[in-house]
Amino acid sequence: MISVTSTSSSDSRTVLQILKDSNQKPISQCEKGFCGECRLKLKKGTVDYINDPIGFTRKGEILPCICKPVGDIEVEVTCI
Ligand code: FES
């Protein structure tokens, strides 16, 4: 389980970018919400989508490449 925190309310980074900036190597491909490759489980908190997700997700999963955390969140990450 990994906690993700944006540094400020004006932080424009996606969840995926925050993970990468913290030296995680989450799986991703298109980084535009199309392929679903980056999907991960949101264990705690909520996210705001920048664009409507097109890639496949199951209940409780998010596409971190196109959403930003709302406050602190916890995600279950599969890394390469
Ligand atoms: S990397 Fe393709 S949907 Fe996120």
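Of the contacts in the chain with a separation of 6 or more, 55% are accounted for by residues 24 or more positions apart. The model is a predicted one, and buried residues make up 29% of the 80 residues in its chain. The C-alpha trace spans about 30 × 25 × 20 Å along the principal axes of the chain. The radius of gyration is 11 Å, which agrees with the value near 12 Å that a compact globule of 80 residues would have.

The secondary structure comes to 1 helix and 4 strands, and along the sequence these elements follow the pattern β-α-β-β-β. The 4 strands form an open sheet with antiparallel pairing, in which the order is β1-β4-β2-β3. The edges of this sheet are β1, residues 2–4, and β3, residues 61–62, each of which pairs on one side only.

Strand β2, residues 40–49, is joined to strand β4, residues 67–76, by 7 bridges, and the two strands run antiparallel. Within this pairing, valine 47 has proline 69 of β4 as its bridge partner, while threonine 46 stands opposite valine 70 in β4. In a regular strand the side chains alternate between the two faces of the sheet.

Strand β2 is also joined to β3, again in an antiparallel arrangement, by 2 bridges. Here leucine 40 has isoleucine 62 of β3 as its bridge partner. The residue pairs named for these two pairings are set out below.

| Residue | Opposite residue | Strand of the opposite residue |
|---|---|---|
| threonine 46 | valine 70 | β4 |

The loop between β2 and β3 contains lysine 59. Is lysine 59 buried or exposed? Lysine 59 counts as exposed, because it has 5 C-beta neighbours inside 10 Å, and the cut-off for an exposed residue is 12 or fewer. Lysine 59 and lysine 41 are 18 residues apart along the chain, and their C-alpha atoms are separated by 8.8 Å.

Taken together, the description is of a β-α-β-β-β chain whose strands form an open antiparallel sheet in the order β1-β4-β2-β3, with β2 joined by 7 bridges to β4 and by 2 bridges to β3.

Terms used
Residues numbered from 1 in each chain as written. Predicted model: local features only at pLDDT ≥ 70, side-chain atom pairs only at ≥ 80, totals over all residues. Pairing = 2+ DSSP bridges. Rg over C-alpha atoms; globule rule 2.2 N^0.38 Å. Buried ≥ 20, exposed ≤ 12 C-beta atoms within 10 Å, placed from the backbone. Contact = placed C-beta atoms within 7 Å.
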